[in-house]
Amino acid sequence: MLDDLRRQLPLDFARLAQLDLLSSLFLLLLLWIARRILVQSIRARSDLAPHDQRRLVTSIRNAFLLLLLVGLVFIWAPQLRTFALSLTAVAVAIVVATKELILCLSGAVLRATTRAFAVGDWIEIGENRGEVTDHTVLATTLQEFGTGPHAYTPTGRAITVPNSLLLTATVRNLTALRDYTYHRFAVTLDPAPPLERTHGLLAEIVQRHYDPFREDAIRANAAIERRTHSDLPDPAPVVRFRTSDLGKLRAEITFFCPSREAERLESEITLELLAGLQAAAHAEHTLTEPSPTEED
């Protein structure tokens, strides 16, 4: 159809832009002449007060400006439509190509507005735990801690987390319990030993290992409560017995201790408990075993 139109009309469609420009200039000239004629006719009327003349002149100017804009839109409509489609396609392509960058920038804005953490804080983002050593508009750098929810020893590795993760993962700030923390661990006892004797043995072991830190832990606990305006649990050690999903007996120990000492205390308490239970079981087995004289 366009080919037939080109053959029928002696018109080069490549020059449509030039024709639109000429039409725009003609429209501008026509409106300017009409506006000038109306303004002069209004100012020539002596029966109108000056403020009425100014009001009419202003209304005419605004009306002709609106007519000019509407006329230009009608003249340039095809070109504007093509430009808008091209601009939309370019905008969609830019958004798709820079989606991760936009999410990272959004995460940085979220961090800055909520003050979720700062350099030097201990945080947990998803499965990543460590100390914040640097943060930019695109990523956050962590000095990684060891695996496990109660590991506080740096591994020497650095983790670079994109800020887009701040929009989808939970961020936990552990700075309030940076120096002292509630450390909880469990020891599975299989076969199950006598509960009363085991509870006494475990309580004595935990108390002996915890006593060097007791006074400092109490003061640190009170200081954290004052600073955070919160009510923290008692820092004293707690020993509980529970069963696992498989029905095995478990001894759970919780105490408030220095973060750097948590893993060492856990290892020493676990080792001494298992050694004590093993020695008690061996002694009991020795007492119940018949002597060679009795066998004869």
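Me: What makes Leu19, Leu21, Leu22, Leu25 and Leu28 a nonpolar surface patch?

Reply: In this predicted model, these five leucines together make a nonpolar surface patch of about 450 Å². Patch residues must have over 30% relative accessible area, and nonpolar side chains, Leu among them, are joined within 5 Å. Leu22, one of the residues of the patch, lies in helix 2, which spans residues 16-44.

Me: Why is Leu22 called exposed?

Reply: Its relative accessibility is 54%, and exposed means over 50%, so Leu22 counts as exposed.

Me: What makes strand 7 and strand 8 a pair?

Reply: Pairing asks for at least two bridges, and between strand 7 and strand 8 (residues 249-258) there are six, in the antiparallel sense. Among the residues involved, Arg242 has Arg250 of strand 8 as its bridge partner.

Me: Why is Glu252 called buried?

Reply: Glu252, which lies in strand 8, has a relative accessible area of 13%; buried means under 20%, so the residue is classed as buried. Leaving aside residues up to four places away in sequence, Glu252 touches Phe185, Ala186, Val238, Val239, Arg240 and Arg242.

Me: What makes both faces of strand 1 count as covered?

Reply: On one side of strand 1 (residues 122-125) are Trp122 and Glu124, on the other are Ile123 and Ile125, and all of these are buried. In the chain of 296 residues, buried residues make up 28%.

Me: How do you know that strand 1 pairs with strand 2 and with strand 5?

Reply: The requirement is at least two bridges; strand 1 has four with strand 2 (residues 128-135) and three with strand 5 (residues 171-173), and the sense is antiparallel for strand 2 and for strand 5. Ile125 stands opposite Asn128 in strand 2, while Glu124 stands opposite Arg172 in strand 5. Strand 1 and strand 2 form a hairpin with two residues between the strands, and there Gly126 takes a positive phi near 65°.

Me: What makes the phi of Arg115 worth a remark?

Reply: Most residues other than glycine have a negative phi. Arg115 is a residue other than glycine, yet its phi is positive, near 50°. Its place is the loop between helix 5 (99-114) and strand 1.

Me: Why is Arg115 called exposed?

Reply: The relative accessible area of Arg115 is 73%, and the cut-off for exposed is over 50%, so the residue belongs to the exposed class.

Me: How do you know that the peptide bond from Asp190 to Pro191 is cis?

Reply: The omega of this bond is near 0°, and the bond is cis. Most peptide bonds are trans. Pro191 is found in the loop between strand 6 and helix 6.

Notes. Residues are numbered from 1 along each chain as its sequence is written. This is a predicted model: local features need pLDDT of at least 70, side-chain atom pairs count only at pLDDT 80 or more; totals for chains, interfaces and linings use all residues. Side-chain values use heavy atoms; hydrogens and water are left out. Patches are made of residues with over 30% relative accessible area and no salt bridge: like charges are joined within 9 Å, nonpolar side chains (Val, Leu, Ile, Met, Phe, Trp, Tyr) within 5 Å. Accessible areas come from the Shrake-Rupley method with a 1.4 Å probe; for residues, only the protein chains shown count as cover. A salt bridge is a side-chain nitrogen of Lys or Arg within 4 Å of a carboxyl oxygen of Asp or Glu. Buried means under 20% relative accessible area, exposed over 50%, partly exposed in between (1.4 Å probe, protein chains only). Contact means heavy atoms within 4.5 Å.
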